[in-house]
Amino acid sequence: MATNIDSQELQRLKNRYDIIGNDALLNRALETAVAVAPTDLTVLISGESGVGKDVIPQIIHQMSRRRNGKYLAINCGAIPEGTINAELFGHEKGSFTGAVSERKGYFEEADGGTLFLDEIGELPRDTQAMLLRVLQNGEFIKVGSSKVQKTDVRVVAATNVNLAYAVAQGKFREDLYFRLNAITIQVPALRERKDDIYLLFRKFTSDFSEKYSRTKISLTHDAITMLRAYRWPGNIRQLKNISETISALESAPLSPTSERTEVDARTIARYIPDEQDSLIPATVSAGGGGSMSDSDKQMIVKAIMDLKQEVDHLRRMVLAQKSEGADQKSVATPALPEAGYSPAAADVRDEEPEWQESTASSGPQNVSLRKANDEMIERALARHGGKVKAAAAELGISERTIYRKLAERKEK
């Protein structure tokens, strides 16, 4: 799309909307916004979370013939699925529980203006159908009504997800995607704007120092290199948060002799998250059989940790008795689970108990070991709701051993 915006006009636009940066991809996004603003074309803004997509629809509205109309920004992902239709299109009195009066929706409120729908990929399927109707012919129906109403609204949408992939997954309507995709503006990620990173950092820290009368932060060359090397998964939003944190903790109150604080790479490293931690992949639900939920994974991890703690506790008990010179021949200690141990595959035997205790010896070491064995059995029973068979399978001992332990406890 051809644009007639020169460098000076572009810089004035950046100053007006407090946009920092000279990256070519950023400039291209701004030029496209200016070019499509005079039209009524639907615009789709794509880009990762935190890149500053919200400034593009403001530019489009202010440079359009609708500048005197309303501009409403709606975060579709923040509205509950059960109320999203009523929020967007309005509702009649008594149409649902809590609808005590008639209410206008955003499409009716923004008539003659611009509606910015952020996180549009989060819209439910039925809402997508209603949105498609508005985009095609300007018609909508309030929740609980049968009356068709008209509205004249310019829609600008934004998404941080791949809508084409969402269409392939059946989560987003293909016809709505093509209707929205008439004009696409891609806002680049911060890691694609290497030369702008320090400019933004300097802007954020300078604003902070002026607001709170603190010394300004200046970076050494190696600190700037470290900022540029980090991949900034949270983009500009993350950079702003870290910049303000550094300003708050590293700067000092302004004084006649101190107006600036220099920060080196070692200091910067304390505030930038570990790259390995930030590279942990997000869990994606497969939606089909064989997938494991987060709660199931947490239960498995907890069970493994509990078992490990018990094994470690018993191992410490055995090592303590060896160090005290106890006679281990009188007590046959239980075998410790090794790598690959599977309680479900344990061989449950009824002929001889696995944990044989000497009745002839009653020294303090033997008493301590018996107590540890009893505690492990009690914990296993508690985990399995008192089911002896399950507890025995977990510990790798016979059910008869547990029954004997329970009988001894009753006798006491």
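Biologist: How many bridges hold strand β3 and strand β6 together, and in which sense do they pair?
Modeller: Strand β3 (residues 114-118) pairs with strand β6 (residues 154-159) in the parallel sense, over four bridges. Bear in mind that this is a predicted model.

Biologist: Which residue in β6 is the bridge partner of Leu117?
Modeller: Leu117 has Ala157 as its bridge partner in β6.

Biologist: And what is the strand order in the sheet?
Modeller: The order is β2-β3-β6-β1-β7, five strands in an open sheet with parallel pairing. At the edges are β2 (71-75) and β7 (183-186), each of which pairs on one side only. On average, neighbouring strands in this sheet are turned by 20 degrees against each other, direction ignored.

Biologist: Switching to helices. At what angle do α1 and α2 pack?
Modeller: Helix α1 (residues 7-16) packs against helix α2 (residues 24-36) at about 90 degrees, and their axes are 11 Å apart. An angle from 65 to 115 degrees counts as roughly perpendicular, so α1 is roughly perpendicular to α2.

Biologist: Which residues meet there?
Modeller: From α1, Leu10, Leu13 and Lys14. They meet Asn27, Leu30, Glu31 and Val34 of α2.

Biologist: How many of those are nonpolar, polar or charged?
Modeller: In the contact of α1 with α2, four residues are nonpolar, one is polar and two are charged.

Biologist: Different topic. Which phi does Trp232 have?
Modeller: A positive one, about 45 degrees, although Trp232 is not a glycine. Most residues other than glycine have a negative phi.

Biologist: Where is Trp232, then?
Modeller: Trp232 is in the loop between α10 (221-229) and α11 (235-250).

Biologist: Buried or exposed?
Modeller: Trp232 is buried, because its relative accessibility is 0% and the cut-off for buried is under 20%.

Biologist: What about Asn235, and where is that one?
Modeller: Asn235 is in helix α11. Its phi is also positive, about 60 degrees, and Asn235 is not a glycine. With 0% relative accessibility, Asn235 counts as buried.

Biologist: What is the mean pLDDT of the chain?
Modeller: The mean is 81, and 74% of the residues reach 70 or more.

Biologist: Where does pLDDT stay under 50?
Modeller: Residues 277-298 are one stretch where pLDDT stays under 50. Residues 328-362 also stay under 50.

Biologist: How many contacts beyond four places in sequence does the model have for them?
Modeller: For residues 277-298 the model has nine such contacts. For residues 328-362 it has 61.

Technical notes
Residues numbered from 1 in each chain as written. Predicted model: local features only at pLDDT ≥ 70, side-chain atom pairs only at ≥ 80, totals over all residues. Heavy atoms only, no water. Helix = DSSP H or I, 4+ residues; strand = E, 2+ residues; numbered from the N terminus. Buried < 20%, exposed > 50% of the residue type's maximum accessible area, 1.4 Å probe, protein only. Pairing = 2+ DSSP bridges. Axes fitted to C-alpha atoms, helices over the stretch in contact; angles between N-to-C directions. Parallel < 35°, antiparallel > 145°, perpendicular 65-115°, else oblique. Contact = heavy atoms within 4.5 Å. Nonpolar A, V, L, I, M, F, W, Y, C, P; charged D, E, K, R; others polar. pLDDT = per-residue confidence, 0-100.
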